[in-house]
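Reader: I would like to learn how to read salt bridges in a model. Please walk me through some cases.

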Amino acid sequence: MPRTVLVTGGAGFVGSHTCVELLSSGHEVVILDDHSNSSPEALERVAKIAGRPIAATHVGDVRDRRTLDAVFTRHPIDAVIHFAAKKAVGESAQIPLAYYDINVGGTTALVSAMHDHGVHRLVFSSSCSVYGDTTIVPLSEESPVAPTNPYARTKLTCERILADVCRHVPELRVLALRYFNPAGAHPSGLLGEEPHGVPNNLMPYLAQIAVGRREELSVFGDDYPTPDGTGIRDYIHVVDVAEGHRVALDHIDDEPGMRVFNLGTGRGASVLELMRAFQDASGQPITYRVTDRRPGDVAELVADPSNVYNAWGWAARHDLAAMCRDAWHFQRQNLYGYAP
Ligand code: UD1
């Protein structure tokens, strides 16, 4: 089992929950995060939940070679989990170059440093958005890819680069995990999703309405070819996503080369269904207004999660009610997130 794990973006939403999971299962954790969309406070809480310290935290940019060299020189890294990236679909259409620079440039810089420092295990944070606009659900890893926005194209580009590098470097082992929609929070109420600025994603937006920080939800389109006309997504509890990474590390040495797995539940929920589930969990009324579609959005993305189950005997366990309950618990305990 790889013991010391470098987690880039370890203070972020999925990153922080994954660090709890790694620490709790005996890994040493080294973090590299520039805190551009995360708070150092999250890391205090990670250590508190796990009851163990994080071995080291480096504040820096994953594209910076000197920072990477310092991290790999100072710590005996056995494996890397690469979360650090930008992830807002809408924003990616406004500033595509920044998305390519950070997401693709960050990945190539990291893999090149790994190679030079003799580190050959990588879990890469990919996305279901690589499947793009599809009418065939559920989506298996063999489904065609057709990303519809720059964010999704950066993730697919990274996957392709990693596959090419694996063909060239036989000792490299890469697991690309295509997450569907991570949501919810740690059941302790200490860790959750606290994006800087206005949330782009649905669940944190709902949580901020329920707690009184925002007025109403804009539902981005109700004319999709779905039963209620709103977009359907496969929401997966962030604790399940975190556990999926820990299990991935247990299996990273199973085979050399690059492998791709979906992390989803296989169950879809529409925007209005999630909104109602959040109302039920919080007991707070949520008002909404239907607006135009958001550029780059698609009608429906639901995982076929059977490959990961067949390979590792692992499946997501939490349902939508648990995601809403835990997201609400976090938001109520942390009205303004990690701000003091
Ligand atoms: C997108 C990516 C996903 C990625 C995630 C990371 C796509 C298709 N999906 O998820 O791969 O992991 O970003 O951030 O590129 N919605 C509203 N009102 C809001 C916010 C969202 O109606 O204020 C709707 C969206 O139109 C969508 C659903 O809610 O139908 C979920 O949106 P969101 O939470 O932003 O996630 P995705 O766009 O699905």
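Reader: Is Arg-121 buried, exposed or partly exposed?

Author: Start with the cut-offs: buried is under 20% relative accessible area, exposed is over 50%, and partly exposed is in between (1.4 Å probe, protein chains only). Arg-121 has 23% relative accessibility, so Arg-121 counts as partly exposed. This is a predicted model: local features need pLDDT of at least 70, side-chain atom pairs count only at pLDDT 80 or more, and totals for chains, interfaces and linings use all residues. Residues are numbered from 1 along each chain as its sequence is written, and side-chain values use heavy atoms, without hydrogens and water.

Reader: How many salt bridges does a search of the whole structure find?

Author: A salt bridge puts a side-chain nitrogen of Lys or Arg within 4 Å of a carboxyl oxygen of Asp or Glu. The search finds 21.

Reader: Which residue forms a salt bridge with Arg-121?

Author: Asp-253 does, with the closest N and O atoms 2.8 Å apart. Asp-253 lies in the loop between helix H8 (238-251) and strand E11 (257-263), and Arg-121 in strand E5 (residues 121-127), so the pair ties together parts 132 residues apart in sequence. Helices (H or I, at least four residues) and strands (E, at least two) are DSSP runs, numbered from the N terminus. Asp-253 is partly exposed, at 37%.

Reader: Where do Arg-246 and Asp-250 lie?

Author: Both are in helix H8, four residues apart, about one turn of the helix.

Reader: Which residues are linked in a network of salt bridges?

Author: Arg-3, Glu-28 and Arg-52.
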